[in-house]
Amino acid sequence: MSRSDSDRRSIAVRIASDGLLVALAMIFGYIESLLPAFTGIPGVKLGLANLVMLSGLFLFGVPEVLMIMILRIVLTGIMFGNVYSIIYSLAGGLLSLLVMIIMKRIKGLSIVGVSILGGVSHNMGQLIAAGVITGGISVIYYAPVLLISGTVCGMLIGIVAGRILDHLPTIRKEG
Amino acid sequence: MNNHVMTRKDIIALAVLLVVGIIGLAVIFFYKGYEGESVLVKVDGKVYGRYPLDVDLELKIEDEWGINVIEIRDGEARVSKADCPDKICMKTGSISRNTETIVCLPHRLVVTIEGRDDDVIR
């Protein structure tokens, strides 16, 4: 196979796998909205979609995960939400991704730790967006609840993502 | 690879965040300890009105973002009707204690209970 052929093939594989991951993250987000336990307090959620982002961050690279996340949020927003839900999700998602990228570089922090800090920063990003949109600091009273829920849910997602990575260590090399 | 094993630093991060969260909850609970006096309604960051908690009232707010009905009854305030998509404001339920808040993000509405000495917090 000539070089250009393999380049083309890897681009095709990349498009296919990224499309799959975007779809998977969107479905996770939808499944999560069906869980009754997480609909009571605004902002408290498991973060199933972050399972995809977190695994992606460890399996692929930052640009791909960033693209998958933005696509997921914009597509979900267009189909099920509105402009505000997109802004709201982007604030949480981008801050979370940024923190996870930084935390991944810290030695001694496993994927569970990265996920915990990602979960907390996701919630804090949404809280900041809520504060800006409503133009008040009163949303700060949600902060402790969101901090605790982000920590606990982040840990659970991190443990699951760790298991996934254990079983998929070489998925990308086969592309 | 042992990706599912938590390291020492993971546990430190977990513990610190949980402790900060619990302290935050304790602080808010402490401030919330007394009954509020009035209901502050804000739309898009601007004060819409301030209403006493001990006077029953049904307040319909209709603006460019949508409709919310705020009901004050028996010293409690709640959003009784809303045409927002998620209805989180309605699900929040009744509030009556100082600093408790109902937020309707799609309609940019914030309903906050104010106490006697709010300067302590602001």
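The model is predicted, so local features need pLDDT of at least 70 and side-chain atom pairs count only at pLDDT 80 or more, while totals for chains, interfaces and linings use all residues. Residues are numbered from 1 along each chain as its sequence is written, and chains are lettered from A and ligands numbered from 1 in the order in which they are written.

In chain A, helices H3 (residues 62-80) and H4 (residues 83-104) have axes that come within 9 Å and cross at roughly 165°. Helices (H or I, at least four residues) and strands (E, at least two) are DSSP runs, numbered from the N terminus; axes are lines fitted to C-alpha atoms, for helices over the stretch in contact, and angles run from 0 to 180 degrees between N-to-C directions. H3(A) and H4(A) are therefore roughly antiparallel, a term for angles over 145 degrees.

Chain B comprises domain 1 (1-31) and domain 2 (38-120), with bounds from an automatic or database domain assignment. Their C-alpha centres lie 32 Å apart.

Where the chains meet, chain B contributes 31 residues and chain A 34 residues. On the side of chain B that touches chain A, the elements giving two or more residues are helices H1 (8-31) and H2 (88-91) and strands E6 (101-104) and E7 (109-114). H1(B) gives the most, with twelve residues.

Key. Angles under 35 degrees count as roughly parallel, over 145 as roughly antiparallel, 65 to 115 as roughly perpendicular and the rest as oblique. Two residues are in contact if their C-beta atoms, placed from the backbone, lie within 7 Å.
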